[in-house]
Amino acid sequence: MIATPLPEEQRRMLRKYDIPDLAGAQQALGSQLIDGHLPRPKIDFITRDGGIEQRVSLFEGGLVVINMTGAGTIFKRVIIPPDALAAYAKAASAASLRSVDQSMLAPPEADRRSQLRVYEDGGGGKYVERVFHPGRVLPKALVDAIAPLRDLVRAISEDRQVTTSLAGYEPQEGDELVADDHNVYRVARVMNDTVVQLKCLTAPTTIYIDKKDLSQFFIGKHAPQE
C-alpha cells in the first residue's frame with residue numbers, strides 16, 4: 001500500500017483535538033518493557049465493518065499498536081510523545097465514557113460492531129467499556145472519544161516515514177524484510193543495482209521492486225533465523 005496525504009478535513013480534525021499527525025513519533029522496535037513489566041493498556045478500540053476489522057491499542061509509555069485485517073493485513077507499532085498520549089487519553093477518558101448510557105446505544109450486529117474500552121488510572125485492570133453499532137447515530141461524548149482514534153489508525157496505516165526504518169536502505173543478498181502484513185521476504189538478488197528480487201518465506205511468491213521503493217512496501221529489516 002502506498003501512502004496518500006491526509007485530506008484537509010482529516011487534518012482539521014486532528015488539529016481540533018490538538019493531536020499532531022505523528023509529530024515526534026518513532027517506530028517501536030525491540031522490547032517495550034517498562035521497569036521489567038509489559039506496558040499497561042490505556043485505550044483499546046476495535047471496529048468491525050463487514051469483512052474489515054481495525055484495532056488500535058494505546059499503552060503507557062506511548063506505545064501504539066494497530067492491527068487491520070480485511071483485503072490484507074497491516075500490523076504496526078509506534079511510540080508517540082507523552083503530550084500526544086495525554087491528548088488521546090483526554091479525548092477518550094474513563095469519566096467521559098462512563099457518562100455514555102450503554103442502553104441508549106444501538107446494539108451491534110455480527111458483522112458491524114465497535115467496542116471502546118478505556119482503562120482506569122492507577123492500574124488494577126479496571127476499565128469502562130461501551131459496545132455499539134458503528135453505523136448508527138452516536139452521542140457526542142462517544143464521537144469525541146473515537147474520532148481521534150480513527151484518525152490515528154489512518155495516519156499510522158498510511159505512514160511511510162515514521163513506521164519504516166528502510167529509508168536509504170541498501171539491499172544485500174540474504175537480507176530479510178518485513179512487509180506490513182508481517183510476511184517476511186528474502187532478498188534473492190539485486191539486478192543492475194536497481195531492481196530487487198525478493199522471495200516470500202511464508203508463501204510461494206516472488207516479487208520485483210525498484211530499490212528506491214522498498215520503503216513503500218516494507219516496514220523494517222528482519223533478523224534472519226540461524
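How many of the 19 residues of α4 are buried? The count is 14, so α4 is largely enclosed by the rest of the structure. Buried means under 20% relative accessible area, against over 50% for exposed and partly exposed in between (1.4 Å probe, protein chains only).

This is a predicted model: local features need pLDDT of at least 70, side-chain atom pairs count only at pLDDT 80 or more, and totals for chains, interfaces and linings use all residues. Residues are numbered from 1 along each chain as its sequence is written, and side-chain values use heavy atoms, without hydrogens and water.

Stay with helix α4, residues 140-158. Its end C-alpha atoms lie 27 Å apart. That agrees with the 27 Å that 19 residues should span at 1.5 Å a residue. The expected span is 1.5 Å times one less than the number of residues. Helices (H or I, at least four residues) and strands (E, at least two) are DSSP runs, numbered from the N terminus.

Now the strands. Two strands pair if DSSP finds at least two bridges between them. Strand β5 (residues 73-79) pairs with β4 (residues 63-69) over seven bridges, antiparallel. Here Val-64 stands opposite Val-78. β5 also pairs with β1 (residues 26-27), antiparallel, over two bridges. Gln-26 faces Ile-79 there.

Further along, five strands form an open antiparallel sheet in the order β11-β10-β9-β8-β12. Its edge strands, β11 (206-210) and β12 (218-222), each pair on one side only. Neighbouring strands of this sheet are turned by 35° against each other on average, direction ignored. Axes here are lines fitted to C-alpha atoms, for helices over the stretch in contact, and angles run from 0 to 180 degrees between N-to-C directions. Five bridges link β10 (residues 195-200) to β11. Leu-198 stands opposite Ile-207 in β11.
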